[in-house]
Amino acid sequence: MVSHGATVRSTHALRRRYLGATLRPGPFAGRSLAPMGFGRGGKGGIGLEPIPLDTAAVTSSPAPAPDFAHPALDALIRHRQDFPALQRGHYFNYGGQGPMAEVALAALADAHRQIQTMGPFSNAVNQWIREELTRTRQAMAEELGTTANTLTLTEDVTVGCNIPLWGMPWQAGDHILLSDCEHPGVIATVQEIGRRYGVTHSTCPLMATVNGGDPVAVIDQALRPNSRLLVISHIFWNTGQVLPLKAIVDLCHQRANPVRVLVDAAQSVGVLPLDLPALGVDFYAFTGHKWWCGPAGLGGLYVTPAALEVIHPTFLGWRSITTDAAGHPTGWQPNGQRFEVATSDYALQAGLRAALAHQAAWGTAEARYQRILHLSQRLWHHLSQMPHLCPVRQTPPDSGLVSFWVLQDGEPSPTHHRQLVETLEAEGTFLRTLQSPNCVRACVHYLTLESEVDALADRLRALA
Ligand SMILES: Cc1ncc(COP(=O)(O)O)c(C=O)c1O
């Protein structure tokens, strides 16, 4: 890659330009940005080299938080050895998909074998499958502070969002409010609902509040008298911002015409310690395959008992309904099961429960979140000290997602973002680009090692 001349530019102005709205001057405002030159002075990849186990190995930019204690580090290293994906490189794409532990892979394979051994279709296997579904709803409920009857097993986050989106009793003229940081699949669903039912929608500018401002006030201003639903992520997948969900829900519910709240929880389940009833949210759609490190294809939807009475199933099948003695449909299941449809890959259930048990064996949800914060803040501090990079956030992160710009002549360079991700992936270090804002995203998990964060920082420094 080729670089051009150095430019002095305020990162404050940069963030304002690329995130919008009004920002407070940041600690790095007015710093000098050096040129970027991938491929020059390459110092070799970090990808497949052994990961140093010395957590004190922060090189030129010490992180503020204390290093993880060594006995705990030993335990983590043993724990990590169960993940094939973590043996071959440095993984920073947890927000895309989490790696699976051998114990989860084995549970998946065992469940398939069990189904084949018992049936695959028999009274015994059908009973076992029903128990598996119950056990999985129960395991998810314990993670989310709720009860199994509030949960629907889904395939992924997007299906979980589609259930309330299509299930609401829409009337022409209703309004849906989204944030400007929602996932394209969810936006597309809202657009199609608008086309079919004459429902309007608008977006409110929350991306800029990552560096100041009040998301609750922004939402308050954007809600309309005819607003029926707010669609919002708990953690933004692009900036990593954690939204004040309880305050947002309270605002929506206290309006003269209460607004229901659908939360895209793709980046919050498995990151934040959660108590969904305490948050008061109506709908919370999540997946097992990201931060929970479960198999792809199994997620869930939380619906409060009050909201359950409002939405209707769009897809129905034998799992959604009750039947009479002749097998004829008599109604819907009295709980979240009414949104489950028919035959699924039931072996996924055991895989996800094994993944959850494996995480819990390492530490509580609170301990995992604290470690994620320690690591993401360490990475953010490293990035903040590199003149050719600019973290999207002006202040240390409050989630595991760390987004940053690669600067060329003081401006974010989409070309450099793509080249950086490709260069690192060739070396066995996995990050991703994002389009809005155009940047690079690195995710840290409690499974991440301090030495991996430092090695990534070293590599990014060497690429300047
Ligand atoms: C915020 C957000 N929503 C939705 C999705 C889509 O997730 P899924 O494939 O589980 O539907 C993602 C995936 O990265 C995401 O980050």
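Axes are lines fitted to C-alpha atoms, for helices over the stretch in contact, and angles between N-to-C directions run from 0 to 180 degrees. Helices (H or I, at least four residues) and strands (E, at least two) are DSSP runs numbered from the N terminus. The model is predicted: local features need pLDDT of at least 70, side-chain atom pairs count only at pLDDT 80 or more, and totals for chains, interfaces and linings use all residues. Residues are numbered from 1 along each chain as its sequence is written.

The protein chain contains 14 helices and 18 strands. Of its 464 residues, 46% are buried (20 or more other C-beta atoms within 10 Å of a residue's own; exposed, 12 or fewer; partly exposed, in between; C-beta atoms placed from the backbone). Two residues are in contact if their C-beta atoms, placed from the backbone, lie within 7 Å. Among contacts between residues at least 6 apart in sequence, 71% join residues at least 24 apart.

Helix H7 (residues 215-222) and helix H8 (residues 245-253) have axes that come within 9 Å and cross at roughly 25 degrees. H7 is therefore roughly parallel to H8 (angles under 35 degrees; over 145 is roughly antiparallel, 65 to 115 roughly perpendicular and the rest oblique). Their crossing is right-handed (the near helix is turned clockwise from the far one by less than a right angle; left-handed if anticlockwise). Pro215, Val216, Ile219 and Asp220 of H7 make the contact with Ala247, Ile248 and Leu251 of H8. By class, this contact of H7 with H8 has six nonpolar, no polar and one charged residues (Ala, Val, Leu, Ile, Met, Phe, Trp, Tyr, Cys and Pro count as nonpolar, Asp, Glu, Lys and Arg as charged, and the others, Gly among them, as polar).

For helix H3 (residues 102-118) and helix H11 (residues 347-362), the axes come within 7 Å and cross at roughly 150 degrees. H3 is therefore roughly antiparallel to H11. The crossing of H3 with H11 is right-handed. Residues of H3 in the contact include Ala104, Ala107, Asp110 and His112, and those of H11 include Gln349, Gly351, Ala354 and His358. The contact of H3 with H11 has 11 nonpolar, four polar and one charged residues.

In helix H1 (residues 11-19), the buried residues are Thr11, Leu14, Arg15 and Leu19. Seen down the axis of H1, these residues fall within an arc of 100 degrees, so they line one face of the helix (the arc is that of the directions from the helix axis to the C-beta atoms). Strand E13 (389-391) is included in what covers them. Just after H1, glycine 20 has a positive phi of about 85 degrees.

Glutamate 143 lies in helix H4 and is buried, with 20 C-beta neighbours inside 10 Å. Its C-alpha atom is separated by 9.7 Å from that of alanine 360, 217 residues apart along the chain.

Several loop residues have backbone features of note. Glycine 119 and proline 120 are joined by a cis peptide bond with omega of about 10 degrees, and proline 120 is in the loop between H3 and H4. Another cis peptide bond, with omega of about 0 degrees, joins serine 436 and proline 437. Cysteine 293, in the loop between strand E9 (283-287) and strand E10 (299-303), has a positive phi near 60 degrees and is buried, with 26 other C-beta atoms within 10 Å. Aspartate 409 also has a positive phi, of about 55 degrees, but is partly exposed, with 14 other C-beta atoms within 10 Å.
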